[in-house]
Amino acid sequence: MSVMEDSIIWQWSVFRSLLAILQWWAFNVTVIIMNKWIFQKLEFKFPLSVSCIHFICSSIGGYVVIKVLKLKPLIHVDPEDRWRRIFPMSFVFCINIVLGNVSLRYIPVSFMQTIKSFTPATTVVLQWLVWRKYFDWRIWASLIPIVGGILLASFTELSFNMFGFCAALFGCLATSTKTILAESLLHGYKFDSINTVYYMAPFATMILAIPAMLLEGNGILEWLSIHPYPWSALIIILTSGILAFCLNFSIFYVIHSTTAVTFNVAGNLKVAVAVLVSWLIFRNPISYLNSVGCAVTLVGCTFYGYVRHKISQQPPLPGTPRTPRTPRTPMSKMELLPLVNDKLDDKV
């Protein structure tokens, strides 16, 4: 009976993990495809406004989930810390989302997702250059296929656009900066994805609202006057904002239902799914070498996650507590790891 109960529990755990991954994939891919559809098919070429709508939806959604429905407990933050810690994080968070949408405006989903996979490399290099952190040689070696795959994909991209490419690349830097800043600015606060949105989305809305109105307001008014079905299009844009908030909930669910290794592999497979679905919908031209570059990048990201996991499982280096600490001297094996959350996912 005990064996049967263990088997049932194991089967339910596997089913729960699979369900969590599938719904995460569904929300993530849907948001990406909808954003691309908004820019390309609806010809709503205003990435700042799309990002602002997403922030507004997330602000309202976070308030409803935490304050009204009370589905998640509120993590209390001191008023002073909201401006001193949360606001700088929100600024980088805002830039990160805007750059992602700007890149989608100019380059295909497949190329944009491939470039986003460059984030581990930018995180490691930033920490090495700015903080002079030491990393295990295996971390550096695992970055080689990522960099090589992205170079191959970039040189063979048939729909290459320099502005979109730069936006995606700087988006990687913004993601890395946000991850590194979180280590110092949010020290002492254990935020989940819902509380993160609850605190950061209102700040991001405040930061972006005026630039969006000044830079894109006239264009939106013109778009409303010439678009044949403006209200239907606006409903689609609003729906994308609602789904972007729902994505946060799906991330929270998948984090609590899978291991770090499973999440890493599923995250890279998710990119492959997004690339395939976007190609089926938009039919953007993809060369053979371009697809090889994308595949090499995803395999490299999976290998990088595996290396990080293996190093994190090793015991601390013997005698390191008595070793004088320098910027190049690791205190433990964990310090050989870059500050990349295995369960971190950026919304687009």
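# Exercises on a helical model

Apart from residues up to four places away in sequence, Ser 59 is in contact (heavy atoms within 4.5 Å) with Ala 201, Pro 202 and Thr 205. The structure is a predicted model, in which local features need pLDDT of at least 70 and side-chain atom pairs count only at pLDDT 80 or more, while totals for chains, interfaces and linings use all residues. Residues are numbered from 1 along each chain as its sequence is written, and side-chain values use heavy atoms, with hydrogens and water left out.

## Exercise 1. Confidence

Find the average pLDDT of the protein and the share of residues that score at least 70.

Solution. 
- Step 1: pLDDT is the predictor's confidence in each residue, on a scale from 0 to 100.
- Step 2: The average is 85, and 89% of the residues reach at least 70.
- Step 3: In residues 320-335 the pLDDT is below 50, and this stretch has 29 contacts in the model beyond near neighbours in sequence.
- Step 4: Residues 339-348 also have a pLDDT below 50, with 47 contacts beyond near neighbours in sequence.

## Exercise 2. Overall build

Describe the protein by its elements, its burial and its surface.

Solution. 
- Step 1: Helices (H or I, at least four residues) and strands (E, at least two) are DSSP runs, numbered from the N terminus.
- Step 2: By this count the protein has 11 helices and zero strands.
- Step 3: Of its 348 residues, 50% are buried; buried is under 20% relative accessible area, exposed is over 50%, and partly exposed lies in between (1.4 Å probe, protein chains only).
- Step 4: The accessible surface is about 17400 Å², and carbon and sulfur atoms hold 71% of it. Accessible areas follow the Shrake-Rupley method with a 1.4 Å probe, and for residues only the protein chains shown count as cover.
- Step 5: Among contacts with a separation of 6 or more, 87% join residues 24 or more positions apart.

## Exercise 3. Helix α2 and its ends

Locate Ser 59 and Tyr 63, and say whether each is buried, partly exposed or exposed.

Solution. 
- Step 1: Ser 59 is in helix α2, and Tyr 63 lies in this helix, which covers residues 47-68.
- Step 2: Ser 59 is buried because its relative accessibility is 16%. Its side chain comes to 2.8 Å from the backbone oxygen of Phe 55, a polar contact (N or O atoms within 3.5 Å; within protein, one able to donate a hydrogen and the other to accept it; residues adjacent in sequence count only if both atoms are side-chain atoms).
- Step 3: Tyr 63 has a relative accessible area of 46%, so it is partly exposed.

Now find the phi of Glu 43 and of Lys 70.

- Step 4: Most residues other than glycine have a negative phi.
- Step 5: Glu 43, in the loop between α1 (2-40) and α2, has a positive phi of about 55°.
- Step 6: Lys 70, in the loop between α2 and α3 (79-106), has a positive phi near 55°.
- Step 7: Glu 43 is exposed at 51%, and Lys 70 is exposed at 62%.

## Exercise 4. Salt bridges of Asp 81

Which residues form salt bridges with Asp 81?

Solution. 
- Step 1: A salt bridge is a side-chain nitrogen of Lys or Arg within 4 Å of a carboxyl oxygen of Asp or Glu. The whole structure has five.
- Step 2: Asp 81 pairs with Arg 84 at 2.6 Å, N to O, and with Arg 85 at 3.7 Å between the closest N and O atoms.
- Step 3: Asp 81 and Arg 84 are about one helical turn apart because they are three residues apart in helix α3.
- Step 4: Asp 81 is buried at 6%, Arg 85 is buried at 18%, and Arg 84 is partly exposed at 45%.
- Step 5: Glu 80, Asp 81, Arg 84 and Arg 85 are linked in a network of salt bridges.

## Exercise 5. Thr 156

Where does Thr 156 lie, and which residues does it touch?

Solution. 
- Step 1: Thr 156 is in the loop between α6 (137-155) and α7 (162-185).
- Step 2: Not counting residues up to four places away in sequence, Thr 156 touches Ser 287, Leu 289 and Asn 290.
- Step 3: A polar atom of the Thr 156 side chain is 3.3 Å from the backbone nitrogen of Asn 290.
- Step 4: Thr 156 and Ser 291 are 135 residues apart in sequence, with their C-alpha atoms 9.0 Å apart.
- Step 5: The relative accessibility of Thr 156 is 16%, so this residue is buried.
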